[in-house]
Amino acid sequence: MTKSAGMRDVALLAGVSVGTVSNVLNRPDVVAPGTRARVRAAIAELGFVRSESARLLRAGSSQVLALLALDLAEPFFIGVLRGAEQAARAAGFGVLVMDSASSAATEATHLAMLAQQRVRGVLVTPADVSGTTLAEFARARIPYVLVDRDIPGGIGCRVLVDDVAGGAMAVAHLIAAGHRRIAYVAGPLELPQYRDRLEGARSAVAEAGRGVELVVLPGARADVSAGRDAAERMLGLAERPTGAFCGSDLIALGMMQGLFAAGVAVPRDVAIVGYDDLEVAAGAVVPLTSIRRPATRVGIAAAEILVEESGAAAGQHVHRELVFQPELVVRASSLPGPPGPPGLRPGLPGPRPS
C-alpha cells in the first residue's frame, strides 16, 4: 500500500517549512505569492489531501457527535438515532453510530476509542449500569448525555422516558377493562427499564386495591421467541391470567402467536398490551395496544443538549434531566371483541387499519 503524502513531504518538495505549508492551507494571505505557488504546485504533484479530522481535533472542535446505543436491533434506538441526526444536522454536525450490544466490555472498548478520536460529545445508553465505565470515560473531559437510562453517580445530563408511568398506564388500562389477574411478561429484569415497568405495574395494582393480582413472568430476552415461550409458561399456570402486559412489542407479538397456536383467542380469552408502539404493532392481524415512547423526540432533545454543552457557552452549561411521558395507544388486542380471523396468526404483520 502506497503511503499518502503528508505536510512534511509537501514542505520538502516545495523547499519550505511545515509551518509555511500550514499557512498556505489555513492563512494563505500571510504567504508571499511565489511561495504560495510553489507549495500549491507541490500539493498537486504529490496528491496531498489534508486531514480535516486531524485539523479539527487539534483545534478541539470536532464536528462529530457519537451515539453509543444499547442495541441497534431495538427499533427504539433507530428512532433515537433519527432524532439525533436531525438535531445534529441542524447544528452542522454529523453522528457516528456504535452499538454496545448490551455488553459492558464492548461499551468500554467503544468509549475508549471515542475518547482517542476526541469526538465532540457522546449520546450513550449505558450497558454498564454501575457507572464505572462512564466514570472512566469522564476523565477524557468529553461531554456525554445519558439516553433512556440513568446510572448511579452519573454527572452528565440525562434524557429519559418515564417507564414507571408507562407500566402503570398499561396495567391500569387492563384493570379498567375488567381484568383481575394480569401477567407482566418482562424482558431481562436486570435491565432498569423492565424493572421500572414492573414498578409501575405494581403501583397500578396497589391503587386498584384488593381483588387484583399481578403475576410476573420474567424472561432472558425481549424478542418474539421470548413471547412465544412466555405464552407457553402462562398457559401452564393453574389459574390463567386474562390480561397480559408485555415489556416490549416484540414479546407481545410472540405471545399472540403462541396463544393462537394453542387455540387461545386475543383479545377474547387474553387481552394483551405491548410496549414501544412499533410500526408493526398497528399492522398486526389483531392490532396491538401499546405504550408509545417518543424515541425521535428523545433523540432530538439529547443531541440538542449535547451540542449546547460542547459549544462556545459550555462554561455556563448546567446539567439537567428531561423526562418524557409515554402514551397509551389503544387498539383491538386489549378491547372486548372477536378473535383474529381463523387460519391467520395474530402478531404477524398484516394490512394496516385504515
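Analyst: Happy to! This is a predicted model. Helices α8 and α9 are oblique to each other, because their axes cross at roughly 45°. Those axes come within 6 Å.

User: Which hand does the crossing of α8 and α9 have?

Analyst: The crossing of α8 and α9 is right-handed.

User: Nice. Which residues meet there?

Analyst: From α8, they include Gly-167, Ala-168, Val-171 and Ala-172. On the α9 side, Gly-200, Ala-201 and Ala-204 are among them. The residues of this contact divide into 9 nonpolar, 4 polar and 4 charged.

User: Switching to the sheet: what's the strand order?

Analyst: The order is β7-β6-β8-β9-β10-β12, an open sheet of 6 strands with mixed pairing. β7 and β12 stand at the edges with a single partner strand each, so one side of each has no neighbour in the sheet. From one strand to the next, the twist averages 20°.

User: And how do β6 and β7 pair, parallel or antiparallel?

Analyst: β6 and β7 pair in the parallel sense, over 5 bridges. Within β7, Glu-213 stands opposite Arg-181.

User: Which strands does α8 lie across?

Analyst: α8 lies across β6, β8, β9, β10 and β12, running at about 165° to β9. Helix α11 lies across β6, β8, β9 and β10, at about 155° to β9.

Terms used. Residues are numbered from 1 along each chain as its sequence is written. This is a predicted model: local features need pLDDT of at least 70, side-chain atom pairs count only at pLDDT 80 or more; totals for chains, interfaces and linings use all residues. Side-chain values use heavy atoms; hydrogens and water are left out. Axes are lines fitted to C-alpha atoms, for helices over the stretch in contact, and angles run from 0 to 180 degrees between N-to-C directions. Helices (H or I, at least four residues) and strands (E, at least two) are DSSP runs, numbered from the N terminus. Angles under 35 degrees count as roughly parallel, over 145 as roughly antiparallel, 65 to 115 as roughly perpendicular and the rest as oblique. A crossing is left-handed if the near helix is turned anticlockwise from the far one by less than a right angle, and right-handed if clockwise. Contact means heavy atoms within 4.5 Å. Ala, Val, Leu, Ile, Met, Phe, Trp, Tyr, Cys and Pro count as nonpolar, Asp, Glu, Lys and Arg as charged, and the others, Gly among them, as polar. Two strands pair if DSSP finds at least two bridges between them.
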